Amino acid sequence: MPLFVNDVEMSSESKDLFYEKHVEYIANHGNDQNDFEYCITEFLRMSGIYWGVTALDTMNQLSRLDKKSIVEFIKKCQCPTTGGISACEGHDPHILYSLSAVQILCIYDCINEIDCDALARYVTSLQQPDGSFFGDKWGEADTRFSFCAVAILTLINRMDAIKLPKAIDFVLSCCNADGGFGSKPFAESHAGLIYCCVGFFSITQQLHRLDCDKLSWWLCERQLPSGGLNGRPEKLPDVCYSWWVLASLNIMGRLHWISSEKLKSFILSCQDSETGGFSDRTGNLPDIFHTLFGLGALSLLGYPNLQKINPTFCMPQHVLDRLNVNGQIWCP
């Protein structure tokens, strides 16, 4: 009997992971630099590389990418005056792309290829008096950037560079009555931002500051009849929220609160059986972003032949074991 997810028929073969097709899709992604998509995504190139590197390492295929050229690209993207790292050479540095660069270099075990002291000073310069962080010199503050700040500083072993108690107070101020978190105080709860805040508290060893039961129930309510997860009430399911929601529940020790089998079926239905890669939902075109988070969610669900992925840093666990870095898991 065929399965239906979001009114799209799912064949029985899509209940299996198209492993080799995904490897080829990722390894060949961005090879044609004259491609229209390649040109218009320059503004997020660093994150695109992180998504591909992490996905291939999760599938034990990291050797399919050219490490040397990737590391050289990152070095060219570090700003000599601020120490921050940009999405692409010639762009302004930003804390989001700085984190992506650090994650890539940690996976390749060559973090010393950049000036970590200068990067730490850049992160420090972005912290505001209320404890929040700007993403860059243009002044947008957001809980995403709080997560990026502590993740970067933990991975480069410079956590003492910021005023941590103030940073913790700011993220706590973004908690809503429903137990969730938004981008700033009084902003709507959103699963992606909840992941950033839960990850922030995981890194800073502050999970006891959360109402984990209330927050976990809000996250569990994101699962729809299709098995997929959405980011907030009344929205469609999306593969990327498989990561944001699952990782948050995993950190809080409540992964078993949702239907893993239904979610797994939804994620697998979003594969492209011809080209490889995952889309946001069944029947749509794949992209590298949803490919990583589809694979990452499957790893959290214990899918075979995938490396164990760390829910806090979204990096293969073996990398963090090598670095002796780990986020706090479980909540008393």
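Let's start with Thr-58, which counts as buried because its relative accessibility is 1%; buried here means under 20% relative accessible area, exposed means over 50%, and partly exposed is in between, with a 1.4 Å probe and protein chains only. This threonine lies in helix 3. Helices are DSSP runs of H or I with at least four residues, strands are runs of E with at least two, and both are numbered from the N terminus.

Before I go on, a word on the model. It is a predicted one, where local features need pLDDT of at least 70, side-chain atom pairs count only at pLDDT 80 or more, and totals for chains, interfaces and linings use all residues. Residues are numbered from 1 along each chain as its sequence is written, and side-chain values use heavy atoms, with hydrogens and water left out.

Back to Thr-58. Its side chain reaches the backbone oxygen of Thr-54 at 2.7 Å. That is a polar contact, meaning a pair of N or O atoms within 3.5 Å; within protein, one must be able to donate a hydrogen and the other to accept it, and residues adjacent in sequence count only if both atoms are side-chain atoms. If we leave out residues up to four places away in sequence, Thr-58 touches Ser-299, Asn-305, Leu-306, Gln-307, Ile-309 and Pro-316. Contact, by the way, means heavy atoms within 4.5 Å.

Now, how confident is the predictor? pLDDT is its confidence in each residue, from 0 to 100. The chain has a mean pLDDT of 93, and 92% of its residues reach 70 or more. The stretch to watch is residues 1-13, where pLDDT stays under 50 and the model has 22 contacts beyond four places in sequence. Where pLDDT is low, the predicted coordinates should not be read in detail.

On to the second largest pocket, with a volume of about 610 Å³. Helix 5 gives the largest share of the lining, five residues. By class, the lining has 18 nonpolar, six polar and two charged residues.

For those who like the method: the work is done on a 1 Å grid over the protein atoms alone, and a pocket is an open set of points with protein on both sides within 12 Å along at least five of seven lines; lining residues have an atom within 4 Å of a point. Grid points are joined across faces, edges and corners, and the volume is the space filled by probe spheres set on the points. As for the classes, Ala, Val, Leu, Ile, Met, Phe, Trp, Tyr, Cys and Pro count as nonpolar, Asp, Glu, Lys and Arg as charged, and the others, Gly among them, as polar.

Staying with helix 7, have a look at Ser-146, which is found there. Ser-146 counts as buried because its relative accessibility is 0%. Beyond four places in sequence, Ser-146 touches Phe-133, Phe-170, Val-171 and Phe-200.

Next comes the loop between helix 7 and helix 8 (164-172), where we find Asn-157. Its phi is near 60°, a positive value in a residue other than glycine. Is Asn-157 buried or exposed? At 67% relative accessibility, Asn-157 counts as exposed. Arg-158 is in the loop between helix 7 and helix 8 too, and counts as partly exposed at 24%. A polar atom of the Arg-158 side chain lies 2.5 Å from the backbone oxygen of Ile-156. Neighbours within four places aside, Arg-158 is in contact with Cys-116, Asp-117, Ala-120 and Leu-153.

Cys-314 also has a positive phi, of about 50°, although it is not a glycine. This cysteine lies in the loop between strand 3 (309-310) and strand 4 (315-316), and at 3% relative accessibility it counts as buried.

Last stop, please: Asn-176, in the loop between helix 8 and helix 9. Asn-176 counts as buried at 18% relative accessibility. Its side chain reaches the backbone oxygen of Ala-187 at 2.8 Å. Ala-187 is also among its contacts beyond four places in sequence, including Phe-181, Gly-182 and Phe-186.

Terms used:
1 Å grid on protein atoms, 1.4 Å probe; cavity = no way out; pocket = protein on both sides within 12 Å on 5 of 7 lines; lining within 4 Å. pLDDT = per-residue confidence, 0-100.
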